[in-house]
Amino acid sequence: MNQTAIEIHDLTMAYREKPVLWDIDVEIPKGSLCAVVGPNGAGKSTLLSCILGTHKPANGWIKVFDVPSEQSDELIGFVPQRESVDWDFPIQVLDVVMMGTYRRLGWFRWPGKAQRDWALECLAAVGMADYRSRQIGELSGGQQQRVFIARALAQDAKIILMDEPFAGVDAATEDTIRSVLADLKNDERTVVIVHHDLQTIEDYFDHVLLLNLRLVAAGPTESTFTRENLLRTYGGQLTLLDEAAEAVRRIRSGRSMGKAGGK
Amino acid sequence: MILPNTLIVLIGTSTLGFCCGLVGSLLLLRKRALLADALAHSTLPGIVLGFLIAGSQAYWALGAGALLTTLLGAVLVSRLPILTRIRPDSATASILGIFFGTGIALLSIAQRSGPGAYSAGLDHFLLGQAAGMLQQEALTITIVAVIVGALMILLHKEIMVSCFDSTFGKGTGMSMGVIDLLVMLLLSITIVISLPAVGVVLTAALVVIPPATARFWTDRFTHLLAISALVGALSGISGTLLSSQRLDLPTGPVIVLCSATLFAVSLIVAPHKGLVGRRLRWIRRKQRREMQRILIFLHENLQGGNEFVARERIIAGSLAADSSALRFCILSGFVEQAGTHLRLTPKGIARAERSISARKRWTEWLDSAAEIDRNLIDLDEEDIERLLDRRSMEIPDMERDSK
């Protein structure tokens with residue numbers, strides 16, 4: 001049974017009359033690890049904000065588990081881009097995770113012991129319980145990502161959106177984030193990630209969404225992450241083209257040799 | 001002995017400080033401190049217009065005028081960067097200049113051609129005159145302070161989300177727009193009620209300094225609000241008392257100086273972020289590191305058959321250790337001195353062995369851990385033992401990686 005987690009239909013999004021996303025029509029199945037790939041300015045982050053509901057699309061609609069997103073009670077977790085967070089903010093790790101409980105708590109009410117315990121449980125699920133009273137700026141890059149993932153868990157989010165969690169992290173941190181992602185997938189959560197490194201797509205993600213203002217292709221990584229689709233996504237951008245070619249070569253050599261000659 | 005008049009002023013300035021401290025925290029966290037200055041300056045044309053229209057210096061007329069132009073200023077500051085290509089900081093600075101210039105021009109018109117001598121006191125709003133605070137002014141400030149305080153208590157989590165991560169707030173359906181509007185409104189009202197006391201020019205200082213001071217003492221949002229409000233109230237009280245009892249100085253500037261003093265004191269003595277605390281921690285760390293090196297060095301020599309090691313080999317010798325570190329070793333009973341030579345005491349031997357084994361275990365753990373935590377790499381043997389004992393049960397990263 002392959003349920004659809006996110007269904008986007010005819011979505012067009014514009015900032016000041018300039019379209020940033022045009023005619024997007026795509027379904028993301030439940031429980032998938034989905035990469036959103038495309039050149040700079042392709043509208044990847046905008047797509048995430050549309051799913052999150054912070055930007056209203058100019059046309060089209062988004063359904064979350066078959067319910068229009070405006071009416072949905074489903075909470076969507078969001079792990080922001082690292083540069084967009086104020087790491088000097090006077091807030092401790094556990095307080096960030098507790099934010100995940102605020103919506104269910106409602107206006108005016110203070111979080112209590114139940115919320116604290118739940119937040120701690122979520123923090124423990126990403127292996128960060130020891131760090132609960134650190135100020136967030138004192139953490140390493142991977143730990144910071146895990147705290148925000150714990151916040152999504154505290155929301156009990158079935159869908160988690162992440163904006164470039166792998167940008168500028170070292171190899172060890174990348175491994176840590178990957179294993180947390182694997183845990184999320186085992187939990188049947190749907191994770192949508194803006195990702196830049198074409199080399200690792202094939203290893204990390206089972207679903208891929210190629211975007212360049214319009215939707216170029218979407219589907220399981222095996223059948224969708226192909227040379228033709230990448231060329232259509234990145235167009236004439238030469239260095240990226242090389243990178244894409246390199247990525248595809250790796251895929252081809254990694255798979256059965258019989259396919260290697262095929263173009 | 002406090003005169004009844006002074007009591008009114010005291011109530012007014014302390015609740016004003018409380019109120020400014022609360023509202024100021026939100027500005028500081030939004031990185032919009034300059035906004036307070038721009039809004040304070042944009043009250044001036046409103047004050048003068050209120051006076052010209054009402055024909056008197058009635059509190060409500062001037063207040064309403066000031067609130068109106070402040071809100072206009074606030075709207076312009078927030079809309080200009082969206083509608084045009086002006087950057088937020090330029091917009092803030094321009095609005096400050098334009099409104100204040102207009103205010104000064106209107107003021108001189110009012111003083112020349114206005115209804116005679118009634119316009120005399122208007123320029124008090126430039127620098128404020130807390131000592132002459134009226135009962136109704138103090139009452140208004142107190143009421144506003146109570147409302148602001150209650151709103152902060154009720155809405156602290158919504159306000160925190162709007163300051164820290166408004167995308168998250170919007171995404172979970174919290175109305176961030178309402179909160180932003182509320183914060184702007186509270187800021188404008190706070191600025192308007194503080195004008196009679198501290199004036200257009202100094203209001204911003206009262207809004208900005210208390211939260212900056214509070215930031216030295218805490219890493220938590222709610223604590224920041226509380227400390228900032230406290231610092232504001234304290235500055236109000238001490239400034240009023242100092243200026244009325246001791247110095248013959250205007251109250252507003254003295255209040256600002258008091259809060260600046262609290263800021264300076266915090267900068268120096270705050271335990272975690274203060275200069276002295278940081279310096280002391282650094283020195284202690286350095287000394288313990290050197291002590292460890294001395295003990296290990298002596299221990300290595302002991303194993304090699306040298307029980308006694310010449311002092312020069314340690315101080316500025318092969319170890320280049322500080323003599324204060326060595327003194328510390330001797331004082332702690334780890335090392336004893338025999339003439340020009342040094343040797344480990346039995347206690348020192350035990351300590352050195354403990355330190356060596358802790359370091360060994362620690363490097364092993366670091367080698368196998370997936371990521372290194374900058375805060376954790378330089379530790380004493382006690383910390384290492386405590387950490388490793390606790391971690392040996394979970395060490396999630398290690399196990400995952402070895403598979």
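This is a predicted model: local features need pLDDT of at least 70, side-chain atom pairs count only at pLDDT 80 or more; totals for chains, interfaces and linings use all residues.
Colleague: Let's start with the overview. What makes up the secondary structure of chain B?

Modeller: It comes to 17 helices and three strands. Of the 403 residues of chain B, 41% count as buried.

Colleague: What makes a residue count as buried?

Modeller: It needs 20 or more other C-beta atoms within 10 Å of its own. In chain B, 41% of the residues pass that test.

Colleague: And the domains, where do they run?

Modeller: The assignment puts domain 1 of chain B at 4-205 and domain 2 at 277-393. Taken over C-alpha atoms, their centres are 58 Å apart. As for contacts in chain B between residues at least 6 apart in sequence, 70% join residues at least 24 apart.

Colleague: What makes helix 7 of chain B roughly antiparallel to helix 9 of chain B?

Modeller: Helix 7 (residues 135-164) and helix 9 (residues 176-214) of chain B pack at about 155°, with axes 10 Å apart. The cut-off is over 145 degrees, so this pair of chain B helices counts as roughly antiparallel. Their crossing is left-handed. The contact includes B:Val144 and B:Val148 of helix 7 of chain B, and B:Leu186 and B:Ile189 of helix 9 of chain B. Its residues divide into ten nonpolar, three polar and three charged.

Colleague: How many residues of chain B are in contact with chain A, and how do you know that they are?

Modeller: 30 residues of chain B are in contact with 28 of chain A. A pair counts when the C-beta atoms lie within 7 Å.

Colleague: Which helix of chain B gives the most to that side?

Modeller: Helix 7 of chain B does, with six residues. Helix 8 (166-171), helix 10 (221-246) and helix 17 (396-402) of chain B are also among the elements giving two or more. By class, the side of chain B that touches chain A has eleven nonpolar, six polar and 13 charged residues.

Terms used
Residues are numbered from 1 along each chain as its sequence is written. Chains are lettered from A and ligands numbered from 1 in the order in which they are written. Helices (H or I, at least four residues) and strands (E, at least two) are DSSP runs, numbered from the N terminus. A residue is buried if 20 or more other C-beta atoms lie within 10 Å of its own, exposed if 12 or fewer, and partly exposed in between; C-beta atoms are placed from the backbone. Two residues are in contact if their C-beta atoms, placed from the backbone, lie within 7 Å. Domain bounds come from an automatic or database domain assignment. Axes are lines fitted to C-alpha atoms, for helices over the stretch in contact, and angles run from 0 to 180 degrees between N-to-C directions. Angles under 35 degrees count as roughly parallel, over 145 as roughly antiparallel, 65 to 115 as roughly perpendicular and the rest as oblique. A crossing is left-handed if the near helix is turned anticlockwise from the far one by less than a right angle, and right-handed if clockwise. Ala, Val, Leu, Ile, Met, Phe, Trp, Tyr, Cys and Pro count as nonpolar, Asp, Glu, Lys and Arg as charged, and the others, Gly among them, as polar.
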